[in-house]
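Dear colleague,

Please find the structure we discussed below. My notes on it follow directly after.

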Amino acid sequence: MTRGIYIIANDKVIDHAIALLNSIRLYDQQTPVLMIPYDDNYQQIAELLKTHYNVELYGDLEFIERLSTKLHETFGGQFFARPNQFRKQACWFGEFDEFLYIDTDIVVFEKIADNLNYLQDYDFINCDYQHAGGIRNVFSQQVLTEKVFSETEVKDIFNGGFWGSKKNLISEQDLYEVFTECAKHPEYFDFSEKTSDQPIINYMLLKRIPKRFNIVRRPEKAPGNWAGTPYFQKQDNTLIDPKVNQKLQYLHWAGIRIQPGCPYWDIWEYYRNLNPNLPPANFPQPNYWQRNITQIKGFLRSLNI
């Protein structure tokens, strides 16, 4: 049985990918990582990640293109801000029997692949508190009023930036059927904040994968992981969640632009610049108002406003 990690990236997110891979390799030199190209502009990042982190390119690029084309035919361009994010669904058909998918706006604070051990008992894992905010950014109230899903089922919604599962648990035909179902009912989904793939993959999870587990529901409880959370405490170059007195497993800047002045910028900058063989990141300093607006937005998100 093979285990590994998938990421999706292109040349525009080189700095983000470096930070993520620096953090992965700090705790784990062995677990293989494959990159799914976000678009055709990936040659520079593919070479850099292979040279410094032994990251290989996803093997079947023709399948990724076929998936993207079928998606566009199914949905058109009216639903999603970033339809190429659906390319991450190629994870189901890659070389790993068990896999994690990780967004590049994440850094990890542990040997993150060990979370795949939960797949001994489940078919799908995630690790976040998306459900604590209700169905916002995933579904509209209509899924409940029309009994598409129950109140209990929607408590299993998750953030699409970090999840894990098993090869071929979802078939290519399953994907196309789910895409078609969702395209017929755009009123079921909350795309108001341009969350792109997240509503659709949540729909697929609830419809097709009953044996699922959110790691934050483990008996010993679990820390948060969203960078918009204002109360994490720094410990060396990791973070502690004082509500459960545990080190974070990872930190995700979902919906937050990573730049000087953003939440936990010093943590991201540390991991981005951890490899001495690569030049440090060069970000322009935001002006005073930009810094304050970023901080205010993060605070409001933490309150679910």
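In this predicted model, the contact between helices α5 and α6 involves Asp174, Leu175, Glu177, Val178, Phe179, Glu181 and Cys182 on the α5 side, and Ile200, Tyr203, Met204 and Arg208 on the α6 side. Sorted by class, seven of these residues are nonpolar, four are charged and none is polar.

As to geometry, α5 spans residues 172–184 and α6 spans residues 198–208. Their axes lie 10 Å apart, and the helices pack at an angle of about 115 degrees. Because angles of 65 to 115 degrees count as roughly perpendicular, α5 is described as roughly perpendicular to α6. The crossing of α5 past α6 is right-handed.

The largest nonpolar core comprises 45 residues. Within that core, the residues with the most contacts are Tyr6, Trp92, Phe139, Trp163, Phe179, Ile200 and Tyr203. At least two core residues come from each of β1 (3–9), β2 (33–37), α3 (61–75), β4 (98–102), α4 (142–145), α5 and α6. The greatest contribution is that of α6, which supplies six residues. A separate core of 34 residues is also present, and includes Ala9, Met35, Tyr42 and Ile106. In general, nonpolar side chains of soluble globular proteins tend to be buried together.

Finally, I would draw your attention to the surroundings of Phe139. Leaving aside residues up to four places away in sequence, Phe139 touches Phe149, Val154, Ile157, Tyr188, Phe189, Asp190, Pro199, Asn202, Tyr203 and Leu206.

With kind regards

Terms used. Residues are numbered from 1 along each chain as its sequence is written. This is a predicted model: local features need pLDDT of at least 70, side-chain atom pairs count only at pLDDT 80 or more; totals for chains, interfaces and linings use all residues. Side-chain values use heavy atoms; hydrogens and water are left out. Axes are lines fitted to C-alpha atoms, for helices over the stretch in contact, and angles run from 0 to 180 degrees between N-to-C directions. Helices (H or I, at least four residues) and strands (E, at least two) are DSSP runs, numbered from the N terminus. Angles under 35 degrees count as roughly parallel, over 145 as roughly antiparallel, 65 to 115 as roughly perpendicular and the rest as oblique. A crossing is left-handed if the near helix is turned anticlockwise from the far one by less than a right angle, and right-handed if clockwise. Contact means heavy atoms within 4.5 Å. Ala, Val, Leu, Ile, Met, Phe, Trp, Tyr, Cys and Pro count as nonpolar, Asp, Glu, Lys and Arg as charged, and the others, Gly among them, as polar. A nonpolar core is a set of buried Ala, Val, Leu, Ile, Met, Phe, Trp, Tyr and Cys residues joined through side-chain atoms within 4.5 Å. Buried means under 20% relative accessible area, exposed over 50%, partly exposed in between (1.4 Å probe, protein chains only).
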